[in-house]
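These notebook entries record what I looked up in one structure. I began with a strand and its partners, and then turned to charged pairs.

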Amino acid sequence: MIQLLTSRELLFIGRCAVIVLAFCFLSGCTSAPKRLPNQFYSLQASLPTQTYGKSVSIEVRPVSIRGVESSRPLVRLVSDDPIKLEEVSGHLWHMAPANMVQQVTVDALSASSADAVFGTSDNVVNPDYRLKLSIHRFAFSVDGSAILTFDATLTASNGRIVHTRRYLNEVALNSKEIDSAVNAYSLALRNALKKLATDIAKAIEATEL
């Protein structure tokens, strides 16, 4: 025997169907947007030929950098007073900044040297000099510039410090795009390394090992 549903039962079923359909609709509308893939960047620096006057070997030591600027995400300076930094989500250096700056520094100084040999502890044995970089600022502001500040110390094999100086370089961004910030970083590093190479040449010329 077929039992017909009462009007109250039909009303209840209808309400339940409306609730289920509404829930499905809202779930579809509020689903998270598709996440864009991460973008990875690298620095580059090309220097003019530099003569150091002696066939010396120089080991570039591991670069020192601390705080949020040592992490792989690019860092933006959002306030000067107080100094406030924030990571840029989805935009990362392709390796840790300390390792990247060391590699670019070695490659740039080595390629531009007419006589001195630059390398790391992996390929320079008993170096005549050791070069240490300590980064203090590695950030950019969207409406301003890319800022790179580091201390460089050149130490002779006898332990004597023959050169130490703080290098500060700021390069204006051409746009608000992240690519503009990366290009500005590369130019800032190039400018700083160009000055550093000249200073190293002068220090080596004035030093007797």
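The entries below concern a predicted model.

Entry 1, strand β2. I looked up residues 57-60, which form strand β2. S57 and E59 point one way from the strand, I58 and V60 point the other way, and all are buried.

Entry 2, partners of β2. I found that β2 runs parallel to strand β5 (residues 117-119), joined to β5 by three bridges. Within this pairing, E59 stands opposite G119. Strand β6 (residues 129-140) also pairs with β2 in the parallel sense, over three bridges. Here Y129 is the bridge partner of I58.

I searched the whole structure and noted seven salt bridges. One of them joins R130 to E59, with the closest N and O atoms 3.2 Å apart. This pair links distant parts of the chain, since R130 is in β6 and E59 in β2, 71 residues apart. R130 counts as partly exposed because its relative accessibility is 35%, between the limits of 20% and 50%. I also noted that E59, R61 and R130 are linked in a network of salt bridges.

R137 forms a salt bridge with E69, the closest N and O atoms being 2.7 Å apart. R137 belongs to β6 and E69 to the loop between β2 and β3 (73-80), 68 residues apart. Both R137 and E69 are buried.

Note on methods:
Residues are numbered from 1 along each chain as its sequence is written. This is a predicted model: local features need pLDDT of at least 70, side-chain atom pairs count only at pLDDT 80 or more; totals for chains, interfaces and linings use all residues. Side-chain values use heavy atoms; hydrogens and water are left out. Buried means under 20% relative accessible area, exposed over 50%, partly exposed in between (1.4 Å probe, protein chains only). Helices (H or I, at least four residues) and strands (E, at least two) are DSSP runs, numbered from the N terminus. Two strands pair if DSSP finds at least two bridges between them. A salt bridge is a side-chain nitrogen of Lys or Arg within 4 Å of a carboxyl oxygen of Asp or Glu.
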